[in-house]
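The following note collects points for a colleague who is about to examine the structure shown below. It is arranged so that each point can be checked against the coordinates in turn.

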Amino acid sequence: MYAQMIDTGLTKVADTADMSDDERAFQARIDDDVRIEPKDWMPEAYRRTLIRQIQQHAHSEVVGMLPEGNWITRAPSLARKAILMAKVQDEAGHGLYLYCAAETLGVSREQMIEDLHAGKVKYSSIFNYPTLTWADIGAVGWLVDGAAIMNQIPLCRCSFGPYARAMIRICKEESFHQRQGFDVMMSLCRGTPEQKAMAQDALDRWWWPSLMMFGPPDAASVHSAHSAKWKIKRLSNDELRQRFVDQTVPQSDYLGLRIPDDDLAWNEDRGHYDFGAIDWSEFHEVLKGHGPCNRDRMRTRVNAWEDGAWVREAAVAHAQKRDARAKAAA
Amino acid sequence: MKLQLFDYLLRLADNDLVLAQRLGEWVGKGPVLEEDIASTNVGLDLLGQARLWLAYAGEVEARADAVGRSEDQLAFFRTDREFRNLLLVEQPNGHYGDTITRQYLFDQWHVLLLAELATSRDSRIAAIAAKALKEVRYHVERSSQWVIRLGDGTDVSHARMQAAVDALWMYTGEMFSVDETERALIDAGIAADNAALAAPWRAAVQSVFAEATLDVPADPWMQGARGRGGKQGVHTEHLSRMLAEMQALPRMYPEARW
């Protein structure tokens, strides 16, 4: 899942004239589409931006396991249970690649997890919404993973090598997840009236939060300019959001569902769908911690980490004892 | 014989299904991300095995009764009294050490059982067992390593593991009992002789526990004895609660297809 609102601590993009020789050489590599690797020189702000973005992304994968994990024990068929378990396991794998990619920039996984738990780093706000019915598992796959892919495909061309490579693997799996989510929705929409109503209810609740996943409108996004110049981010929030709407509306029509937006209409002149105004006050409230599940999600993660401390400590202690015994025997 | 075979296949299926369900409860909450992935992998393997056994059970039922149930009908529309799993696998997750101990005690038996079943005279059982055996060899490797790590690790982890072993030990006897259903199938060369698994199981457990610095409990008293245990559908209080959660949606919408 993509991280929104990356706070880089930067407010303006430097001109070439303001740059040092190192910075100019770095920017020239970026402009030539040469990947930056962990041992290469990079501006401190570039490193900071990436650490923040990659770790927000990693945390989003891990926290994102919770709303979907919520239905593993209640999946309505064994086939669906297996698919969902495998999917959530994939998210854990994504978290792992991403933590590793961030570690190449000089920050430890433990530090990142502590920063998340201390509230210093965020995860994607979408996971602060609850999965109330089985249809939400369909909607999350279809819409949330769909929006995530839209955000992530450009990241496969991100200037930082380890992140770009991680994203290539992740995107392949995410597109599979999206199809699985759509398949859940299809079964529901072809099913009983109760199932169809369940699907519509899930779309009603997940539509607007999914659009918010692309982050604030370009005009209000202060950090995008830098990320674009460094080719960390290659398409703007609004461009991606429009692509998502254009892709999703026909899918919703196919399912026979109604997108909860009275202003949604095809605009022949633009060649795109027009859509209604997003309630950004809700987005900012959720970001501040006032979403339905912010506290639950953090509590669950913190408890898992704290409850697991003795396990991690024991594993380290055993490894040390084993090494000591091997040395003594040698 | 067909009904006995059906019953036996449910025992095999339900062990896997119930333990997979328990492991599913851990997803997203493991002590470290790598373990979350590994433990879910084991759960997925067991779920896959359960589905193979259930599919075969349904076919056997159809042969005996003309109507065989599907894997989902068997998983979601039987009551706890109709489930045939061992009491061990339905025990709650507890802390990670409880979960690992439950897993190891089961895996160590499971791997021996499947090795026997791989030579069953019933070719379908032999084929499923051979496939499952490859997976379960890895399961026992992983869970035994964790028992050793946690048993030998710190004072805290050692104490927790010993307590877990002491609490779960009384559910291990059932794995080696043989009732009438099994007797008939053992004699026919179809089922594995559980009683013969006891000695190799105990030897393996003693060796792992020795490395883990854990004591094998001395109390010989076992749950599920006298033909009244999980295999006969007489469970602990935990199973019906677990099934209530697992079966809620299909039972709420029995007409629906998912």
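Predicted model: local features only at pLDDT ≥ 70, side-chain atom pairs only at ≥ 80, totals over all residues.

1. Helix 1 of chain B and its end.

2. The largest nonpolar core. This core has 179 residues, and the members that touch the most others are Y46(A), W134(A), F160(A) and F209(B). Helix 1 of chain B, residues 2-26, supplies the largest share of the core, with 13 residues.

3. Surroundings of W134(A). Which residues does W134(A) contact, leaving aside its neighbours within four places in sequence? In chain A they are W71(A), A75(A), P76(A), R80(A), L84(A), V184(A) and L188(A), and in chain B they are L249(B) and W258(B).

4. Helix 10 of chain A. This helix covers residues 237-255, and its 19 residues should span 27 Å at 1.5 Å a residue; the end C-alpha atoms are 27 Å apart, in agreement with that value. Its buried residues include N237(A), R241(A), Q242(A) and D246(A), as well as L240(A), F244(A), V245(A) and V249(A). T248(A), S252(A) and L255(A) are also buried. What covers the buried residues includes helix 6 (134-152), helix 7 (161-189), helix 8 (193-212), strand 2 (272-274) and helix 11 (280-290) of chain A. After helix 10 of chain A comes G256(A), with a positive phi near 75 degrees.

5. Salt bridge between D7(B) and R84(B). Over all chains, the count of salt bridges comes to 31. In one of them, D7(B) pairs with R84(B), and the closest N and O atoms are 2.8 Å apart. Because D7(B) lies in helix 1 of chain B and R84(B) in the loop between helix 3 (71-76) and helix 4 (87-90) of chain B, the pair ties together parts that are 77 residues apart in sequence. D7(B) is buried, at a relative accessible area of 13%, and R84(B) likewise counts as buried, at 17%. Both residues belong to a network of salt bridges that links D7(B), R11(B), R84(B), D179(B), E182(B) and K231(B).

6. Two further salt bridges in chain B. E35(B) and R142(B) meet through their side chains, at 2.6 Å from N to O. E35(B) is in helix 2 (residues 33-65) and R142(B) in helix 6 (residues 123-152) of chain B, so this pair ties together parts that are 107 residues apart in sequence. Both partners are buried. The side chains of E61(B) and R69(B) also form a salt bridge, at 2.8 Å from N to O. Are its two partners buried or partly exposed? E61(B) counts as buried, at 8% relative accessibility, whereas R69(B), at 29%, counts as partly exposed.

7. Packing of helix 6 against helix 9 in chain B. Two packed helices are described by the angle between their axes and the distance between the axes. For helix 6 and helix 9 (residues 194-212) of chain B, the angle is about 35 degrees and the axes are 7 Å apart. S144(B), V147(B), I148(B), G151(B) and D152(B) of helix 6 meet V208(B), F209(B), E211(B) and A212(B) of helix 9. The residues of this contact divide into five nonpolar, two polar and two charged.

8. H139(B). This histidine is also in helix 6 of chain B and is buried, with a relative accessible area of 1%. Beyond its neighbours within four places in sequence, H139(B) is in contact with V42(B), D45(B), L46(B), Q49(B) and D107(B). The C-alpha atoms of H139(B) and V111(B) are separated by 8.7 Å, the two residues being 28 residues apart along the chain.

9. D33(A) has a positive phi near 60 degrees. D33(A) sits in the loop between helix 1 (21-31) and helix 2 (44-63) of chain A and counts as partly exposed, at 49% relative accessibility. T213(B) also has a positive phi near 60 degrees. T213(B) is in the loop between helix 9 and helix 10 (237-252) of chain B, and at 39% relative accessibility T213(B) counts as partly exposed.

Conventions
Residues numbered from 1 in each chain as written. Chains lettered and ligands numbered in written order. Heavy atoms only, no water. Core = buried A, V, L, I, M, F, W, Y, C linked by side-chain atoms within 4.5 Å. Buried < 20%, exposed > 50% of the residue type's maximum accessible area, 1.4 Å probe, protein only. Helix = DSSP H or I, 4+ residues; strand = E, 2+ residues; numbered from the N terminus. Contact = heavy atoms within 4.5 Å. Expected span 1.5 Å × (residues − 1). Salt bridge = Lys/Arg side-chain N within 4 Å of Asp/Glu carboxyl O. Axes fitted to C-alpha atoms, helices over the stretch in contact; angles between N-to-C directions. Nonpolar A, V, L, I, M, F, W, Y, C, P; charged D, E, K, R; others polar.
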